[in-house]
Amino acid sequence: MSTQTGSAWVEGSGSRLAKYNIFKRLNWGRFSVIAVPMLWLAVFFFIPFLVVFKISLSETAIAVPPYTALLDWNLDEAFINLKLNLGNYLFLFEDSFYIDAYLSSIKIAAISTVLTLLIAFPIAYMIARSKPTTRALLLSLVILPFWTSFLLRVYAWMGFLKKNGLINEFLLSTGIIDQPLIMLQTDFAVYVGIVYTYLPFMVLPLYSALEKMDLTLLEAAEDLGSRPATSFFLITVPMAMPGIIAGCMLVFIPAVGEFVIPALLGGSDTLMIGRVLWDEFFLNRDWPMASAVAVVMLIVLVLPIMMIRNSQGKEEAV
Amino acid sequence: MTSTVTIEPQPDSVPAASPQTSKMPLWKQEGAKPFLRIENVTKKFGEFTAVDNISLDIYKNELFCLLGGSGSGKSTLLRMLAGFESPTSGRIIIDGVDMAGIQPWKRPVNMMFQSYALFPHLSVEENVAFGLKREGLDRSEVKQRVAEMLEMVQLGHLGKRKPDQLSGGQRQRVALARSLVKRPKLLLLDEPLGALDKKLREETQFELINIQEELGVTFVVVTHDQEEAMTLASRIGVMNHGVIVQTAEPHDVYEYPNSRFVAEFIGSVNLFEGRVIEDLPDSVRIDSKDAGAVLFVNHGISCAPNQKVHVALRPEKTQISKEKPEGQQNCIKGVIEETAYMGSLSVYRVRLASGMEVRVTQPNTTRDLGARLTWNDEVYLYWDEDSSVVLTS
C-alpha cells in the first residue's frame with residue numbers, strides 16, 4: 001500500500017516537472033517574440049504614463065520643473081517623507097468646468113463617430129463590391145489625403161467655412177441665402193473637421209470586414225425569403241461588426257482628446273478636454289492639474305474599451 | 001452519426017443502380033403534368049452562352065440530377081431556378097406559375113448551397129429559424145418547426161452551437177435543415193455532398209433519398225460526380241457546353257448512352273471506330289479498323305450507308321480468355337499489357353494489333369481466377385451481340 005502511494009507520488013511529481021519544463025520553454029519562445037513591442041510600450045507608453053501620474057500627485061511650485069517633489073528625505077534626521085497630493089483629482093470633480101469638458105468631449109466624439117460611420121459605410125461598401133482593379137484605385141484615393149499635412153487640410157477647411165469662404169460665396173451667388181452663414185468657430189465646424197480627418201480610419205477597417213464577407217450568404221438570405229434591405233441589417237451589418245467596432249474606436253478615442261481641430265475650427269464655447277489640457281499646461285503652467293486631467297481622460301477611455309474587449313472575448317469563448 | 005442504411009462495398013467504377021419504385025414513374029405516363037417546366041431557356045454572359053436553349057420537364061417527387069463537368073452550365077441553370085440569374089430568353093414555370101420577374105425571396109424554392117452558406121454569426125437554431133421568421137410566423141410555431149427539422153437531421157442536441165463549432169457533416173445537415181424547414185415545393189441542391197469525405201458521402205446520399213421520399217419534395221441536384229448522380233437520381237440530365245445531351249434514368253444513361261460524350265463521361269468505355277457495312281432493321285455489322293474485325297450489334301440504328309460510327313463496349317461486359325471461344329460473333333485478339341488485381345475484380349489492359357488499348361474488368365468469381373492471366377499473354381476478347389451499343393454521334 002505504502003509503496004503504491006509512494007510510486008504514485010513519484011509519477012505525479014515527474015509529470016508535473018515535465019509540464020513545468022514545457023511551460024517554461026514555451027514561455028521563453030513567446031517572450032522573445034513579444035519582447036520588442038513590450039519594450040517599446042514600456043519605454044514609450046508605460047514609463048511616461050507613470051511620470052505623468054507622479055506629477056499629478058504633486059503640487060504646483062514656482063520652480064523648474066514647476067511642481068513639488070513627492071519624496072523628500074533627510075538621512076541625518078532619518079526620515080523619508082512621501083507626500084501624495086490628491087487635491088488635483090478632488091478639484092477635477094469639484095469644479096464642474098472639468099466634468100463639463102469631459103462630457104462635452106465625449107458627446108462631440110460620439111456624435112462625430114456616428115456621423116463618420118454613416119458616411120464611411122457606403123464608401124467602404126462600394127469599394128468592397130467594386131471590381132478588384134478599381135478597388136485598388138479607390139482605396140488609394142481614400143488614403144490620398146494623408147499625403148498632405150493634417151494642419152494644412154484643417155486650414156483648408158477654414159477657407160471653406162469662413163464668412164467670406166467658398167461655401168458662403170457659392171450659396172450667396174446662387175441666391176440660396178442672402179446672409180452669409182456662420183459656420184467657422186461653431187460646433188458644426190468641429191464636427192466637419194473631425195469627420196473629415198478621421199474618415200479613412202473608419203473606411204479601412206470597414207472595407208476589410210466587408211471585403212472578406214462571403215456574398216453567397218446574401219444569396220442564402222434572399223433564398224430564405226429575406227428582402228435585400230432586411231438582409232443588409234441581418235447579415236451584412238453583423239458580418240461587418242468587427243470592422244465597425246475597430247473603426248469606431250479608431251475615431252472615437254483620438255476624437256475625445258482632439259486639440260487641433262477644436263482650437264482651429266471651434267469657437268470659444270467649444271469645450272473639449274484637449275483644449276483644457278493645453279491651457280493648464282501652457283497658460284496656467286499648472287502641470288500637476290494638467291497631468292490629473294490626462295490621467296482621468298485615459299481612464300475614461302480605457303475602461304469602456306476593456307469592457308468591450310472583455311465581452312467580445314467571452315462571446316468567442318462560448 | 002447513426003445511419004440505418006448499410007452500404008455494400010461497391011466494385012470500382014460500376015455505379016449502383018438506383019432504387020426502383022414499383023409504381024410507374026410520372027415521366028413515363030402519357031400526358032402527366034410536369035411540376036417544373038424549363039422552356040427553351042438560354043443564358044448568355046456577354047458573348048459566352050452558359051445555357052443554350054434547354055427544355056426540360058421535371059415531375060413531382062422526382063430527384064433529378066443535372067450531371068456535368070465544370071463549365072457545363074449546370075450551376076447556371078440551377079441559379080436561374082432559384083432566381084439569382086434571369087434567363088436571356090425562355091421561360092421557367094414552377095407548379096404552373098411563370099417565374100419571370102419573380103424575385104428569389106418570393107419563389108417557392110429553396111436552395112442548399114455548395115459552400116452551405118451558413119450564417120456564421122447565428123447559432124444552428126437561428127440559422128434554421130431564419131427563413132421561418134421572414135415569413136412572420138409566430139414564435140412558438142417557429143420554435144416547434146425548427147426543433148422538428150433538427151430532430152430529423154439528428155442535430156437536436158447541437159442547436160445552440162455556432163456553425164464553426166460543427167464538423168463538415170454536421171454543417172451539411174444544418175444547411176439541409178435550413179433549406180427544408182420552409183417546406184419548399186422545389187429544393188435545389190448544389191453539389192450537396194461535394195465537401196464531404198468518401199465515407200460520409202455514401203452514408204449521406206442514402207439519407208438524402210430517405211428524406212426526399214419522406215417529405216415528398218421535388219429535388220433538383222447539381223453534381224459533377226457521376227457515382228453520386230447514379231445513386232441519388234430518379235433521372236439524370238447529362239450536360240455539356242450548356243446543352244442537355246441526354247435525359248434518362250440512371251440505368252439507361254449507363255447502358256444506352258446516346259452519344260460518345262455520355263458513354264465516356266459516365267463510367268469507362270471502349271470505343272471502336274468503324275463503318276456500317278450491313279444495316280438491317282434489327283441489327284448492324286460494322287467494319288472496324290480499331291478492332292481489326294467486323295463487329296455485330298443486334299439493335300438497329302438509323303444511319304446512312306457506309307457512315308462512320310462508334311461501337312461502345314463497357315469493360316465489365318467484355319469477356320477475356322486464352323482459348324478462342326466458339327460461336328461468338330464478336331471476337332478480337334490482343335496481348336495483355338497490364339493487369340491490376342483489385343480484390344473483387346481484376347482489370348486488364350489489352351493491346352490490339354491496331355494499336356488500340358482495350359480495358360477489361362472481370363469479377364474474381366473464384367480465388368485463382370485473377371492469377372491465371374498475366375502480362376504478355378495472348379488473349380481473345382469477346383462479347384455478346386447485345387452487350388455493345390452503336391453511337392452515331
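User: Starting from the rule that two strands pair if DSSP finds at least two bridges between them, which residue in S8(B) stands opposite Leu63(B)?

Analyst: Phe219(B) stands opposite Leu63(B). One thing to keep in mind as we go: this is a predicted model.

User: Thanks! How many bridges join S3(B) to S8(B), and do the strands run parallel or antiparallel?

Analyst: There are 5 bridges between S3(B), residues 63-68, and S8(B), residues 218-223, and the two strands run parallel.

User: Which other strand is S3(B) joined to?

Analyst: Strand S9 of chain B, residues 235-240, is joined to S3(B) by 5 bridges, and that pair runs parallel. Within S9(B), Ile236(B) is the bridge partner of Cys65(B).

User: And is S3(B) mostly covered or mostly open?

Analyst: S3(B) is mostly covered, with 6 of its 6 residues buried. That holds for both faces: Leu63(B), Cys65(B) and Leu67(B) are buried on one side, and Phe64(B), Leu66(B) and Gly68(B) are buried on the other.

User: Let's zoom out. What does chain B look like as a whole, in helices and strands?

Analyst: Chain B has 9 helices and 20 strands. Its C-alpha trace spans about 75 × 50 × 40 Å along the principal axes. Of its 393 residues, 39% count as buried.

User: What share of the contacts in chain B comes from residues 24 or more positions apart?

Analyst: Counting contacts with a separation of 6 or more, 64% are between residues 24 or more positions apart.

User: Back to strands, then. What is the strand order in the open sheet of 5 strands in chain B?

Analyst: The order is S15-S19-S16-S17-S18, and the pairing is antiparallel. The edges are S15(B), residues 319-321, and S18(B), residues 357-363, each of which pairs on one side only. On average, neighbouring strands of this sheet are turned by 45° against each other, with direction ignored.

User: How many bridges do S16(B) and S17(B) pair over?

Analyst: S16(B), residues 330-341, and S17(B), residues 345-352, pair over 7 bridges in the antiparallel sense. As an example, Tyr348(B) in S17(B) is the bridge partner of Thr339(B).

User: What about S4(B) and S1(B): over how many bridges do they pair?

Analyst: S1(B), residues 36-45, pairs with S4(B), residues 89-94, over 5 bridges, again in the antiparallel sense. Ile38(B) stands opposite Ile92(B) in that pair.

User: Switching to the contact between the chains. How many residues does each chain bring?

Analyst: Chain B brings 16 residues and chain A brings 14. On the chain B side, strand S6 (109-112) and helix H2 (124-134) each supply at least two residues. H2(B) gives the largest share of that side, 3 residues. By class, the chain B side divides into 9 nonpolar, 4 polar and 3 charged residues.

User: Now chain A. At what angle do H7(A) and H9(A) cross?

Analyst: The axes of H7(A), residues 187-212, and H9(A), residues 228-256, cross at roughly 160° and come within 8 Å. Angles over 145 degrees count as roughly antiparallel, so H7(A) and H9(A) are roughly antiparallel to each other. The crossing is right-handed.

User: Which residues meet there?

Analyst: From H7(A), they include Tyr198(A), Phe201(A), Met202(A) and Pro205(A), while the H9(A) side has Gly243(A), Ile244(A), Gly247(A) and Leu250(A) among others. By class, the contact of H7(A) with H9(A) has 16 nonpolar, 3 polar and no charged residues.

User: And how far apart are the axes of H8(A) and H9(A)?

Analyst: The axes of H8(A), residues 216-223, and H9(A) are 10 Å apart, and the helices pack at an angle of about 135°. The two helices are therefore oblique to each other, and their crossing is right-handed.

User: Which residues of H8(A) take part?

Analyst: Leu217(A), Leu218(A), Ala221(A) and Glu222(A) in H8(A) meet Ser231(A), Leu234(A) and Ile235(A) in H9(A). That contact has 5 nonpolar, 1 polar and 1 charged residues.

Technical notes. Residues numbered from 1 in each chain as written. Chains lettered and ligands numbered in written order. Predicted model: local features only at pLDDT ≥ 70, side-chain atom pairs only at ≥ 80, totals over all residues. Axes fitted to C-alpha atoms, helices over the stretch in contact; angles between N-to-C directions. Helix = DSSP H or I, 4+ residues; strand = E, 2+ residues; numbered from the N terminus. Parallel < 35°, antiparallel > 145°, perpendicular 65-115°, else oblique. Left-handed = near helix turned anticlockwise from the far one by under 90°. Contact = placed C-beta atoms within 7 Å. Nonpolar A, V, L, I, M, F, W, Y, C, P; charged D, E, K, R; others polar. Buried ≥ 20, exposed ≤ 12 C-beta atoms within 10 Å, placed from the backbone. Pairing = 2+ DSSP bridges.
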